[in-house]
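Hi,

Here is the two-chain model for you to open up.

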Amino acid sequence: MSVQGLRCKECGEVYDLEAIYVCEQCFGPLEVSYDHSALDDPAELRRKIQAGPSSIWRYADFLPFERRPKTALEVGLTPLIRAERLADQLGVGEVYVKNDAANPTHSFKDRVVNVAIAKAKELGYDVVACASTGNLANAVAAHSAAAGLDSYVFVPADLEEQKILATGVYGTKLVAVRGTYDDVNRLCTELSDSRPWAFVNVNLRPYYAEGSKTLAFEVAEQLGFELPDRVVCPVASGSLFTKIARGFEEWLDLGLLEGSLPVFNGAQAAGCSPVADAFAEGHSVCRPAKPNTIAKSLAIGNPADGVFALDVARKSGGSIDSVTEEEIVDGIRLLAETTGIFTETAGGVTVAVLRKLAERGDIAEHERVVVYITGEGLKTLDAVRGIVGTYEIEPAVESFTERVPAHATV
Amino acid sequence: MAVVVKIPTQLRALTGGEGETEVEGSSVGEVLEALFERYDGLRDRITEDGELRRFVNVYAGGEDIRFGEGLATPVNDGDEVTILPAVAGG
């Protein structure tokens, strides 16, 4: 294992591997650093990974532990699906869908929480907590229950009912805060000062965020240790987007992959687009926004890693785009009708941005594009309630013939 | 105008362990200036070249001051100004 310590992304100050997340010198974010000098044989490393467990822990050399921890739930190795009908529809060459709804609580948050709870246990915490837009709430409640830890989950009070129910069922202390996600996050940041709890996305955030790198590793491995040319990925705090890039870079540095960083396209909803706006205006920092969108899992108005997401988009020749509410629903429908995958609103945002890039002519014919679908459609049913209908008939052939058109689309 | 300033854990080594303190000022900028006079060393941690560092969030009455007038955001007697790290969440 090659984990080394924590290091400030702003000023480079180093710290021990503790439950801290902020540099005391400059307030910059802390990130896990590794010494990978012992991993100097790419062929051997590939064999080791392929012989590893069928979970994110096959990439344990790139996660922040001295020894591989025991975890209660199996996470990762979700399908990467060649989406030929989607590609045809959009007029582009090669599209793959990484369906991360196929995780225990149906979103990519299982990855980060699996890592964070392992770290919480290692550091001796009995109580886990988080500020969530919903998917993280599900994951923290489930993984804490499975690990036998108490948990407090803080969410905005207006969250989708499906996400509230699918969190409470695990027996967590679910706290509905009257405010936006940014208010919830501020409250949790304050609480983390005085409560002896492991807040997965506050004081354990440096470790938690590392889990997202496994979405880069898996895609590369599933492509036969090759890089895609382009990735399209949702942006909320910017952490996932940034860490997928970091994952590819770590493997490029070690010679596990050849080539250069893929083009990174970020996806936001127009109703909460602080990073897309900063990208469009050429700014290096994000002005906070007041969210108003059906894509509640992306409704972060004050994104912690916005500046780093901007860096990744710019240095890779990509972009951060935003799409309207109508485009989001169309995106959900397009993915469902062409791939059989029903995604939540965040996935609708991502597919809608893919469509926008295709229509804009940004995607060359020979490109291999990977689209990250990070959550499950059953969690945001309200988004599609108005667009799906049924033919109600009597249980008789005549009634069917009379009421259902021969070439029906509902 | 007496305003309570809440100070995050990461800065308490410079405030003798105090998590909050009361200072005078009629804008967020004046409040922070009074805070810096009281606790030597806080200025460089929170600001750079007279501007807030990019990973510092400041709230007046629970609202991010970037939704107001930044450091010129007015504060009233009894208001709370909260300094927090910006790198949490998501």
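In which loop of chain A does L77(A) lie? L77(A) sits in the loop between α1 (42–50) and β4 (80–82) of chain A. (Helices, H or I runs of at least four residues, and strands, E runs of at least two, come from DSSP and are numbered from the N terminus.) L77(A) has a positive phi of about 50° although it is not a glycine. It has 17 C-beta neighbours inside 10 Å, so L77(A) counts as partly exposed. On that scale a residue is buried with 20 or more other C-beta atoms within 10 Å of its own, exposed with 12 or fewer, and partly exposed in between, the C-beta atoms being placed from the backbone.

Before the rest, some housekeeping. Residues are numbered from 1 along each chain as its sequence is written, and chains are lettered from A and ligands numbered from 1 in the order in which they are written. This is a predicted model, where local features need pLDDT of at least 70 and side-chain atom pairs count only at pLDDT 80 or more, while totals for chains, interfaces and linings use all residues.

You will find H106(A) in the loop between β5 (94–99) and α3 of chain A. With 22 other C-beta atoms within 10 Å, H106(A) is buried.

G377(A) is in the loop between β13 (368–373) and α14 (397–403) of chain A. G377(A) is buried, with 22 other C-beta atoms within 10 Å. Leaving out residues up to four places away in sequence, G377(A) touches I332(A), F342(A), T343(A) and E344(A); contact here means C-beta atoms, placed from the backbone, within 7 Å. G377(A) and I332(A) are 45 residues apart along the chain, and their C-alpha atoms are separated by 8.1 Å.

Helix pairs

Helix α3 (residues 109–122) of chain A packs against helix α4 (residues 135–147) of chain A at an angle of about 40°, with the axes 9 Å apart. Axes are lines fitted to C-alpha atoms, for helices over the stretch in contact, and angles run from 0 to 180 degrees between N-to-C directions. The pair α3(A) and α4(A) is therefore oblique. As for the cut-offs, under 35 degrees is roughly parallel, over 145 roughly antiparallel, 65 to 115 roughly perpendicular, and the rest oblique. From α3(A) the contact uses K109(A), D110(A), V113(A), N114(A), I117(A) and K121(A), and from α4(A) it uses N135(A), L136(A), A139(A), V140(A), H143(A), S144(A) and A147(A). By class, that contact of α3(A) with α4(A) has six nonpolar, four polar and three charged residues. (Ala, Val, Leu, Ile, Met, Phe, Trp, Tyr, Cys and Pro count as nonpolar, Asp, Glu, Lys and Arg as charged, and the others, Gly among them, as polar.)

Then there are helix α10 (residues 274–281) of chain A and helix α11 (residues 306–315) of chain A, whose axes come within 10 Å and cross at roughly 50°. α10(A) and α11(A) are therefore oblique to each other, and their crossing is right-handed. The residues in contact are P274(A), V275(A), A278(A) and F279(A) of α10(A), with G306(A), A309(A), L310(A) and A313(A) of α11(A). Seven of the residues in the contact of α10(A) with α11(A) are nonpolar, one is polar and none is charged.

The chains and where they meet

Chain A has 14 helices and 13 strands, and 55% of its 410 residues are buried. Chain B has two helices and seven strands, in the order β-β-α-α-β-β-β-β-β along the sequence. Of the 90 residues of chain B, 39% count as buried.

The contact takes 30 residues from chain A and 19 residues from chain B. On the side of chain A that touches chain B, helix α6 (residues 181–194) of chain A gives the largest share, six residues. That side of chain A has 15 nonpolar, seven polar and eight charged residues.

Cheers

Notes
Left-handed = near helix turned anticlockwise from the far one by under 90°. Contact = placed C-beta atoms within 7 Å.
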